[in-house]
Amino acid sequence: MKAILDLIERHRAGEPVGIYSVCCAHPLAIKAALRHAREAGGQALIEATSNQVNQEGGYTGFRPDGFRDLVMGLADEAGLPRDRVLLGGDHLGPNAWRAMDADEAMKRAAVMVADYVTAGFRKIHLDCSMSCGGDPRGLSDAVIAERTATLCERTEAAWKDAGGEPPVYVIGSEVPIPGGAQEALDELAVTDPDAARATIEAHRQAFVRHGLEAAWERVVGLVVQPGVEFDNHHVVDYVPAKARKLSASIEGQPHLVFEAHSTDYQSAAALAALVRDHFAILKVGPGVTFALREALWALDRIGQEWQGDDRSASLRDTVLAAMRDDPTYWKPYYGGRGAELDLQLQYSLSDRIRYYWPTGRVARAVRRLCAAFDADPPPLALVSQYMPAAYEAIRAGALALKGEDLVIHHIRETLTPYSRACDQRSTH
């Protein structure tokens, strides 16, 4: 993936540049990211996680080729050339099958990574850090690296069969589980520089053992913990002074930068500082779908006030009913009861609602909501009450009074600090 290799080279040469990755499978969130890239310039990096998209469909129902077709179709709709769309796979490894024994989980992971590369995904985060059935609770660097190299053999073979640009790789996973921490957080320990170096060396040796020296030259990122995270209601902000030694440690590693996960909800200043400090790949996921939920909740409230309860789509009630009927995706994360649980279900920063948007009744309610808004647009004063930024954009002639457009505009407000942090010479 020449675009990322070139960007990493520019960053290592001293330019204040990076790239942000939108890890989200919702079509409206993807549309927002693609429109934002079209207008802000540069590439749109869209990533799917192993739980969202795999050969068994994941929780979205998409296999890698289906997700590719979705993104590229939305890019055509947004007017973004396909050569400016980069596809990535996040946490690709045995995570979706970790309840199985390690051999079986790794076999399934190998099929998955090959399917990703065959479908055209070229930024590949290989993550074998999780314990599987029969494994000890914590895995050593050597075991993680060996499993990673085994999967890399499959990705390299799949690329050679498929053709096109070679994939680039990200290794490591010193972060809590995807989607935010489960416990309350006040402060996080930054990755020890010696631990980061040990991870790199263990992977380098494993790649060499597997004859993957050429692939090692395309390892561009290491996932570490720079001291950023969020739980249900709190954000741990980036403090540059605490990450100074870690930041400096990458300078001795040619062709490498750090990849920072869980940067959701960080301030614009913190995002810019992360890129400056060599955390040049920024990942955002729940922060985007949290903004999606905010916008849809606002439209739902506008619809209730403008059209009345009898004619409204009742989106909020539909979503909450779906979550209570099937607590699979939130039960391990939320411990509240009564009113406290109501708040967690709707407003937790980990945004477990994102798992429920694809369900039939919820997706139909979203379509009804947007269709009703467009068929009978509300007064602008009502838009101002619930979506003031959209109101200003409509008044300025920069935004149409359409339900979907208002949602996309709100999500783009979340992405603007990322695009600015990743190109600090730009004024967009």
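E259 is found in strand β9, where strands (E, at least two residues) and helices (H or I, at least four residues) are DSSP runs numbered from the N terminus. The model is a predicted one, in which local features need pLDDT of at least 70 and side-chain atom pairs count only at pLDDT 80 or more, while totals for chains, interfaces and linings use all residues. Residues are numbered from 1 along each chain as its sequence is written, and side-chain values use heavy atoms, with hydrogens and water left out.

With a relative accessible area of 0%, E259 is buried; the word buried means under 20% relative accessible area, exposed means over 50%, and partly exposed lies in between (1.4 Å probe, protein chains only). Not counting residues up to four places away in sequence, E259 touches D90, K123, H125, V170, L222, V223, V224, I281 and K283, where contact means heavy atoms within 4.5 Å. The residue H261 is found in the loop between β9 (257-260) and α9 (268-276), and because its relative accessibility is 7%, H261 counts as buried.

| Side chain | Partner side chain | Polar contact |
|---|---|---|
| E259 | H261 | 2.7 Å |
| E259 | K283 | 3.3 Å |
| H261 | H91 | 3.4 Å |
| K31 | E77 | 3.1 Å |

**Two residues with positive phi**

Most residues other than glycine have a negative phi, and most peptide bonds are trans. In S262, however, phi is near 55°, a positive value in a residue other than glycine. The place of S262 is in the loop between β9 and α9, and S262 is buried, with a relative accessible area of 10%. Another such residue is D351, which has a positive phi of about 50° although it is not a glycine. This residue, D351, is placed in the loop between α12 and α13 (360-375), and D351 is buried as well, with a relative accessible area of 1%. Along the chain E259 and D351 are 92 residues apart, and their C-alpha atoms are separated by 22 Å.

**Helices α2 and α3**

Helix α2 (residues 27-40) and helix α3 (residues 64-78) have axes that come within 9 Å and cross at roughly 50°. Such axes are lines fitted to C-alpha atoms, for helices over the stretch in contact, and the angles run from 0 to 180 degrees between N-to-C directions. Angles under 35 degrees count as roughly parallel, over 145 as roughly antiparallel, 65 to 115 as roughly perpendicular and the rest as oblique, and α2 and α3 are therefore oblique to each other.

In this pair, P27, I30, K31, L34, R35 and R38 in α2 meet F67, L70, V71, L74, A75, E77 and A78 in α3. By class, the contact of α2 with α3 has nine nonpolar, no polar and four charged residues; here Ala, Val, Leu, Ile, Met, Phe, Trp, Tyr, Cys and Pro count as nonpolar, Asp, Glu, Lys and Arg as charged, and the others, Gly among them, as polar.

Leaving aside its neighbours within four places in sequence, K31 is in contact with L74, E77, E404 and I408.

The axes of helix α10 (residues 286-307) and helix α11 (residues 315-325) come within 8 Å and cross at roughly 130°, which makes α10 oblique to α11. On the side of α10 the contact is made by L296, W297 and D300, and on the side of α11 by L315, R316 and V319. By class, the contact of α10 with α11 has four nonpolar, no polar and two charged residues.

Helix α12 (residues 339-347) has L341, Q344, L345 and Q346 as its buried residues, and the buried residues of α12 pack against α10 and α11.

Notes: Polar contact = N/O pair within 3.5 Å; in protein donor to acceptor, adjacent residues only side chain to side chain.
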